[in-house]
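Here is a short report on one protein chain. Keep the sequence and the 3D view side by side as you read.

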Amino acid sequence: MVISVTFARFKSTREAWTSGHPFLMKKYLNLFDFRQKVDYRIEILSGLTVALALVPEAVAFALIAGLSPLTGLYAAFMMGFVTSILGGRPGMISGATGAVAVVLVSLVADHGVEYVFATVVLAGIMQVAAGFLRLGKLMRLVPSPVIFGFVNGLAVVIFMAQLDQFKGADGSWLSGTPLWVMLGLVLLTMGIIFGLPKLSKAVPASLVAILVVFGLVFGLDIDTRTVGDIASIKGGFPPFHIPAIPFSLESFQIILPYAGIVAGVGLIESLLTLNIVDEITQTRGRGNKEAVAQGIANVLSGFFSGMGGCAMIGQSLINISSGARARLSGIVASVMLLVFIMFGAPLIERVPMAALTGVMIMVSIGTFEWASLRTFRRMPKSDVLVMVLVTLVTIFLHNLALAVLVGVIISALVFAWDSAVRIRARKHVDDNGVKHYEIYGPLFFGSITTFNEKFDVKNDPEEVIIDFAESRVFDMSAIEALNKVTEKYQKAGKRVHLQHLSPDCRKLLKNAEELIEVNVLEDPTYKLVVDKI
């Protein structure tokens, strides 16, 4: 009875607060969603699995950037914890990532770690601003071939990254017994992850695989590489630290370009990961809310000795494939990671890398969009080209933001070309001797050449009507094209009227009335139907 009364009071208090602050609570701070059913056992076990898999990746990414392992681990904790609470996609995991690490390499080499912390703080502020400006909706401009290419390229990158575990300290490939031991343990891990869900889904298969391989290596005293062979993860609670850089315009100019790239890369990778998780779970995340959460997490990461980061598609897929769907799994993963750092380092450092390698290889296999290969003959050649190009850029340059940007630009150019060649004109002369040009298709910079070729100024009658009932005037190039056509007819002593212009076309022409003089022919019977989306 006491519990129910307390819960009722808490719920009523929450509702009262929500009604007073609807924007903040509903848009950004909706932490307590009682409508969502949570399987606490699955959430906790999935979080533990993700925490184990986070350790080697966070360490590896920190080393790539030239930073200490704890810098990556602190970032993984802070990013994961904050975004799990405030983020727009429950079940998605954030942490230190390779995409951000690659950006910071030259900054670390030239200016040191303090500038990294300052850069991460500034990048976070930019991401928060992007979220409040609702720029997350720009992800609608990313077409499916780009997403397929991004996902496939990332799957290959994840797989290739695991091949380093089959190399020795000198960089040469393992051979003999060490190779067979490593290969056997990896295959055992993959076999458990593949087969266990067919028997039972009570416990995440990835966690069972890690525990089985750990027990086998520890029980039989098998000599194989462990987490501790990469680096020590022992440390304390992330220390609060204000970046020690000169507060000057020169310092700001140094960190600004890096911060812009980190913010952009982080948002692109996070929002793409959000879309992928949306498709898997058949639910919808909130991109702008996630952008704000990523920004807050990066700001705190910079002030708590972390290298920053963004959403991690590999860890997110581990979490989702383990059955997690709520925020609790991400909170558990980040908190357990901190527990590992502060108290469990001696034990976690003995976890075999073979087990974690097997988990990540299975993640890469699950990440790859195998169905996209079967669509090669069915998809337009331009879409196939975009998908392959994005995949190759992701694989060879490891620059996810660049890969997506290249894909979007090429897709936009292909769309512009296809739209440009589709403009056409139906011509006829009415009973009054007036020639009509009925334009079909968009009039914009790409279609003006074809548009100009449609008119026969020399042989046309004294009066001409250009009908835009099935067309739109989109840009300045289109206005200039209309101006040139009008001038040609005027020089020939003929009159031109524009008919059935939409309201936005009229507004565009009105704004440019100092540059162009045209006659708009009114039609009182013409009504334009505008769909409200």
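## Surface and overall make-up

The protein chain exposes about 26,700 Å². Carbon and sulfur atoms supply 64% of that area. Keep in mind that this is a predicted model.

The protein chain has 533 residues, and 49% of them count as buried. It holds 22 helices and seven strands. Take the contacts in the protein chain with a separation of 6 or more: 82% of them come from residues 24 or more positions apart.

## Strand β4 and its cover

Now turn to one strand. Strand β4 runs over residues 435-443. It is mostly covered, with eight of its nine residues buried.

In a regular strand, side chains alternate between the two faces of the sheet.

Strand β3 spans residues 424-429. It pairs with β4 in the antiparallel sense, over six bridges. Within this pair, His428 stands opposite His436 in β4.

β3 and β4 form a hairpin with five residues between the strands. In this hairpin, Gly433 takes a positive phi near 80°.

## The pairing with β5

β4 also pairs with strand β5, residues 463-473. Here the sense is parallel, and the pairing covers eight bridges. So which residue of β5 does His436 face? His436 stands opposite Ile465.

β4 pairs with β3 in the antiparallel sense and with β5 in the parallel sense.

Definitions and conventions. Residues numbered from 1 in each chain as written. Predicted model: local features only at pLDDT ≥ 70, side-chain atom pairs only at ≥ 80, totals over all residues. Heavy atoms only, no water. Buried < 20%, exposed > 50% of the residue type's maximum accessible area, 1.4 Å probe, protein only. Helix = DSSP H or I, 4+ residues; strand = E, 2+ residues; numbered from the N terminus. Pairing = 2+ DSSP bridges. Contact = heavy atoms within 4.5 Å. Areas by Shrake-Rupley, 256 points an atom, 1.4 Å probe, with all protein chains shown as cover.
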